[in-house]
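Here is a friendly briefing on one protein model. Have the sequence and the 3D view ready, and follow along point by point.

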Amino acid sequence: MPSITYIQSDGTHTTLDVDPRTSVMRAAVNAGVPGIVGECGGQAMCATCHVYVRPESFEGLPAPSEDEEEMLECTAAPRDPGRSRLGCQIACGDREALVVDVPAGQV
């Protein structure tokens, strides 16, 4: 079973075993991971699930859609063009693990 590790801005982390199809946002919200809000429920409409994907986890992720790109322009924390993604739009898929940094603030 794949895992997602959420690293908080203070260095603490949470690792969850997840179904490969479960989004980064949905897994975090279901488990109460701090810093992932998911106000829109995963519709790429609010940017409150903004994460920074670690470089070692970026390979193989689908490219952001136009809607995701638009919402990434509205994040509360600064956007990192190389790492910023909406957690509702990505999942582990076939990979063994995915590691993301959670911004210090979402709203």
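Ser-23 touches Ile-4, Gly-87, Cys-88, Ile-90 and Ala-91, leaving aside its neighbours within four places in sequence; contact here means heavy atoms within 4.5 Å. The model is a predicted one, in which local features need pLDDT of at least 70 and side-chain atom pairs count only at pLDDT 80 or more, while totals for chains, interfaces and linings use all residues. Residues are numbered from 1 along each chain as its sequence is written, and side-chain values use heavy atoms, with hydrogens and water left out.

**Around Ser-23**

- Ser-23 sits in the loop between β2 and α1; helices (H or I, at least four residues) and strands (E, at least two) are DSSP runs, numbered from the N terminus.
- Is Ser-23 buried or exposed? Ser-23 counts as buried, because its relative accessibility is 12%; the cut-offs are under 20% relative accessible area for buried, over 50% for exposed, and partly exposed in between (1.4 Å probe, protein chains only).
- Thr-22 lies in the loop between β2 and α1 too, and, neighbours within four places in sequence aside, Thr-22 is in contact with Ile-4, Ala-27, Ile-90, Ala-91 and Cys-92.
- Thr-22 and Gly-93 are 71 residues apart along the chain, and their C-alpha atoms are separated by 8.4 Å.

**The sheet**

- Now look for the open sheet: 5 strands make it up, in the order β2-β1-β5-β3-β4, with mixed pairing. Two strands pair if DSSP finds at least two bridges between them.
- Which strands are at the edges? The edge strands are β2 (13–17) and β4 (84–86), each pairing on one side only.
- On average, neighbouring strands of this sheet are turned by 35° against each other, direction ignored; axes are lines fitted to C-alpha atoms, for helices over the stretch in contact, and angles run from 0 to 180 degrees between N-to-C directions.
- β1 and β2 are antiparallel partners over 5 bridges, with Tyr-6 opposite Thr-14 in β2.
- These two strands, β1 and β2, form a hairpin with 5 residues between them, and Gly-11 in the turn has a positive phi of about 95°.
- β3 (residues 50–53) and β5 (residues 97–101) also pair in the antiparallel sense, over 2 bridges; the bridge partner of Tyr-52 in β5 is Asp-101.

**The helix and the core**

- Helix α1 (residues 24–31) lies across β1 (3–7), β2, β3 and β5, and runs at about 75° to β1.
- The largest nonpolar core has 25 residues, and those with the most contacts inside it are Ile-4, Tyr-6, Val-24, Leu-86 and Leu-98. Such a core is a set of buried Ala, Val, Leu, Ile, Met, Phe, Trp, Tyr and Cys residues joined through side-chain atoms within 4.5 Å.
- β1, α1, β3, α3 (66–72) and β5 each supply at least two residues of this core, and α1 gives the most, with 4 residues.
- Val-24 contacts Ile-4, Tyr-6, Val-51, Gly-87, Ile-90, Leu-98 and Val-100, again leaving aside neighbours within four places in sequence.

**The cysteines**

- How many disulfides does the structure hold? The structure holds 0 disulfides, a disulfide being a pair of cysteine sulfur atoms within 2.5 Å.
- Cys-40 is in no disulfide, and the nearest cysteine sulfur, that of Cys-46, is 3.6 Å away. Cys-40 is partly exposed, with a relative accessible area of 23%.
- Cys-49 counts as buried at 2% relative accessibility. The sulfur of Cys-49 is too far for a bond, because the closest cysteine sulfur, in Cys-88, is 3.8 Å from it.
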